[in-house]
Amino acid sequence: MNSYTIRFRLTLWYSGLVVLTVLLLGAAVYGAAAWGVREAADQELVSGLNGIDAFLQHKLAIHDMDNLGEELREHSALMPRGKMFRVLDANGKLVYQPDLMIPVASAPTNARDLQGANQLRSGHSYRTMSRIAHVGTYLFTLQAAVDQTQYDQLLNRIMFLLVCCIPVGGCLAALVGRWMSGKVLAPVHRITATAQTIDARHLELRLSLQGNGDELDQLSNTINSMLDRISESYDRIAQFTADASHELRAPVAVVRSTAELLLMDITDRTRVQRGLNDIVEESDSMARLLSDLLTLARGGLEEYTGNKELFDLSASVSAMTPRARTQAALKNIKLISESNDGPLAVQGNQVVAERVLMILVDNAIRYTHSGGTIRLTTWREDRRCGFTIVDSGIGIAKEHRDKIFERFYRVDSARTPGDGSSGLGLAIAKSLLDLHGGNIRVESELGKGSSFEVSFSVASHEGERNLISPPHA
Ligand code: ADP
């Protein structure tokens, strides 16, 4: 794991980049200056050599080759300032050289082409250029030189400056980089400091925004909306826990008081039997409540989150109908089932559909008087299909209709022991359908009955074909 801070890394990158830029720029400037100075000197030296050559050719043309040393001394006055030359004959004997040229080493007499060289003599640096000159039958070695000491010193100074600039520039860049990254990262530190104060007891705290809509504002916004969601879930969990304990308190109290009553006189067999029956009923209802609570609290409703499969909703409803009919018959309620013609292909979870169906059937039976009817129908409309349960029961008043899907919501909160009513059935049905892409809708009229409609999307055409005639069949 890299333990360096972002600020340190930014500073390092920034100063590294500046040092590299200074280095490259300096090298380019130094190279260009050195090349320019050398090129200018070479051009002047070559033109000086050509001048001497032309002078010697002229001397040959006028047959005046006797006193060349003296003639060349006079000619040297014509050379540009600071330029000097030396002429050697074919034997390497000196024909002419000014005193200033003495420190400069002679050019080799066998070289044919133009030859440039750098010489460092007694603290002076010279640039020399030499070549052979054929003047009639004479052969001369011409060498011109220029003292470059000043230019070399200048270049050395440039080099020194550049070398000094690198650490200085690097340090400056590090300081500026550190300051800049500190400024840029200051809001991040603020975010971190605020985020550290947010815990379960302070879930209402939010990160402050700069208001300029930059990336950090976007990050704060995202974290804030995440906190909104966490806070909402936290409140829901707190509410759920409070509701659940409230719901469980009543049956536990009943069990306790019944048991206490029994303990007062355990000789009356009939009373003991009735009391124990009450306890068993309450325990059953608590067990059901706990199982429902577990289903809801798991959020993901694990047992019903299995893979989606292709199933025939119509067949599922038909399979559950006899059980529903038996339950209804126990309360002298008639259950009429109507199925549309063909299979209803749904890509979903069959167990979920069946659980929802039974929750609705249980409710319809519970809230319908003896002698009433329940109608169970499957249907299909375009690309949607589902089932509807219509009962002739007590109905639900308009103001309760939206709330019955909330956890623990019961229209009539008066509770009879063992009636199995917890206010969780519809909440479970809705959670399951939400998770599996289903829909639930209620219509009701007080005193006349209710109608619950559950719908799913019909599976793709290919799915439908596979359901009617499975590919492996
Ligand atoms: P419960 O365990 O109380 O039935 P549900 O969540 O299943 O919990 O239902 C919530 C409330 O909605 C019930 O208490 C009841 O008042 C009302 N309700 C549900 N189904 C029907 C129905 N078919 N007819 C009348 N009222 C119903």
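Tutor: Start with the patch. Tyr14, Val176, Trp179 and Met180 make a nonpolar surface patch of about 380 Å². Patch residues have over 30% relative accessible area and no salt bridge, with nonpolar side chains (Val, Leu, Ile, Met, Phe, Trp, Tyr) joined within 5 Å and like charges within 9 Å. Areas come from the Shrake-Rupley method with a 1.4 Å probe, and for residues only the protein chains shown count as cover.

The model is predicted, so local features need pLDDT of at least 70 and side-chain atom pairs pLDDT 80 or more, while totals for chains, interfaces and linings use all residues. Residues are numbered from 1 along each chain as its sequence is written, and side-chain values use heavy atoms, leaving out hydrogens and water.

Helix α3 (residues 149-197) gives the largest share of the patch, three residues. Helices are DSSP runs of H or I with at least four residues, strands are E runs of at least two, and both are numbered from the N terminus. Trp179 sits in helix α3. Its relative accessible area is 56%, so Trp179 is exposed. The cut-offs are under 20% for buried and over 50% for exposed, with partly exposed in between (1.4 Å probe, protein chains only).

Salt bridges come next. The rule asks for a side-chain nitrogen of Lys or Arg within 4 Å of a carboxyl oxygen of Asp or Glu. That gives 13 salt bridges. One of them joins Asp42 and Arg127, with 2.7 Å between the closest N and O atoms. Asp42 is buried because its relative accessible area is 14%. Arg127 is buried too, at 8% relative accessibility.

Arg206 and Asp228 form another salt bridge, their closest N and O atoms 2.8 Å apart. Here also distant parts of the chain are linked: Arg206 lies in the loop between α3 and α4 (215-264), Asp228 in helix α4, 22 residues apart. Arg206 counts as partly exposed at 27% relative accessibility. Asp228 is partly exposed as well, with a relative accessible area of 37%.

Stay in helix α4 for a local pair. Arg256 and Glu260 meet through their side chains in a salt bridge of 3.0 Å, N to O. They are four residues apart in helix α4, so about one helical turn separates them. Arg256 is exposed, with a relative accessible area of 57%. Glu260 is partly exposed at 38%.

Now the ligand. It is surrounded by 20 residues, the closest being Asn363, Arg366, Asp391, Ser422 and Leu426. A residue counts as near if one of its heavy atoms lies within 4 Å. The shell divides into 10 nonpolar, seven polar and three charged residues. In this scheme Ala, Val, Leu, Ile, Met, Phe, Trp, Tyr, Cys and Pro are nonpolar, Asp, Glu, Lys and Arg are charged, and the others, Gly among them, are polar.

A polar backbone atom of Val411 is 3.2 Å from a ligand oxygen. For Gly423, a backbone N or O atom lies 3.0 Å from a ligand oxygen. For Leu426, the distance from a backbone N or O atom to a ligand oxygen is 2.8 Å. The ligand on its own has 530 Å² of accessible area, and the protein covers 97% of that. Elements giving two or more residues to the shell are α7 (350-366), α9 (425-435) and β12 (449-457). The largest share, three residues, comes from α7.

Last, two backbone angles. Most residues other than glycine have a negative phi. Asp382 is not a glycine, yet its phi is positive, about 55°. Asp382 is found in the loop between β9 (373-381) and β10 (384-391), and is exposed at 68% relative accessible area. Phe408 also has a positive phi, near 65°. Its place is the loop between α8 (398-401) and α9. Phe408 counts as buried, at 11% relative accessibility.

Technical notes
Polar contact = N/O pair within 3.5 Å; in protein donor to acceptor, adjacent residues only side chain to side chain.
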